[in-house]
Amino acid sequence: MKQYDVLEGAEPFIYEGNNVGILVSHGFTGSTQSMKPLGDAYHAAGYTVYGPRLKGHGTHYEDMEQTTYQDWIDSVEEGITWLKERCETIFVTGLSMGGTLTLYLAEKHPEIKGIIPINAAIDIPAMEGAKDQQEPRFFDAIGSDIKKEGVEELAYNKTPLKSMKEIIKLMALVKDDLSKVTCPALIFMSEEDHVVPPLNSTYILENISSQEKDVISMPNSYHVATLDHDQHLIIEESLKFFQTQLEK
């Protein structure tokens, strides 16, 4: 199998800080570039940050085609393990499928202190048809849904059909277990999103079991909100969220 180099800007990032660890996960077909501004801000505030490159991502879409949703889960689980060895408290945030993986981790690790799903995906009707399709092998890209002019997401320009089938499985798995999420949750939702319907965030809010849960609406960003106009809002509110939870 061909080995692909990691694209410049798509490398995983690790910042050593205090004993509070934050895992930040990018999304489907995307790369760590979309989460780096958050990682940098969290580290500047003193936190230890781990930004994994999900397996098969940040290289070439043919590389992604070889991976399964379990590989993506393993990528974030490795991050949690790394943080647990160094930190007493752990938070998780993620964009799109990174938000799906954030919810997955909260379902499996009740010790997580709090989560921040950003335009998290649990149901993308536009992908449903892929379940029964055998071709084409690749579809046009879903990346770089950004309102802000001149900003590009470092993402694949093609989406493998096989990978779409994998994210559909992952979303179903996470959706079925949403009631297992009990930690505090701050949910970010773009009002206009051309990839993940905003109703996903509403459904998540209503179906997780967390006592403390809130949704923040983003009026000025599309799907990749972490690189869009509301980036400052996400950073500001998430830092507040971490602080509030740590004071309890």
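**Pockets and cavities in a predicted model**

About 30 Å³ of space lies in the second largest cavity of this predicted model.

Visitor: Why is the space of about 30 Å³ called a cavity?
Guide: A cavity is a set of points where a 1.4 Å probe fits but cannot get out, whereas a pocket is an open set. The second largest cavity is therefore a space from which such a probe cannot get out. Among the residues that line this cavity are Leu7, Thr29, Gly58 and Tyr156.

Visitor: How many cavities of 30 Å³ or more are counted?
Guide: The count comes to 2. The largest cavity holds about 90 Å³ of space, and Phe28, Gly143, Glu153, His223 and Val224 lie nearest its centre. Its lining has 6 nonpolar, 6 polar and 2 charged residues.

Visitor: What makes Asp140 the charged residue in the lining of the second largest pocket?
Guide: Asp, Glu, Lys and Arg count as charged. That lining has 1 charged residue, and Asp140 is in the lining, so Asp140 is that residue. The other classes there are 9 nonpolar and 2 polar. The volume of this pocket is about 160 Å³.

Visitor: Which helix gives the most to the lining of the largest pocket?
Guide: Helix α3, residues 69–86, does, with 4 residues. The pocket has a volume of about 200 Å³, and its lining divides into 3 nonpolar, 6 polar and 7 charged residues.

Technical notes
Residues are numbered from 1 along each chain as its sequence is written. This is a predicted model: local features need pLDDT of at least 70, side-chain atom pairs count only at pLDDT 80 or more; totals for chains, interfaces and linings use all residues. Side-chain values use heavy atoms; hydrogens and water are left out. On a 1 Å grid over the protein atoms alone, a cavity is a set of points where a 1.4 Å probe fits but cannot get out, and a pocket is an open set with protein on both sides within 12 Å along at least five of seven lines; lining residues have an atom within 4 Å of a point. Grid points are joined across faces, edges and corners, and a volume is the space filled by probe spheres set on the points. Helices (H or I, at least four residues) and strands (E, at least two) are DSSP runs, numbered from the N terminus.
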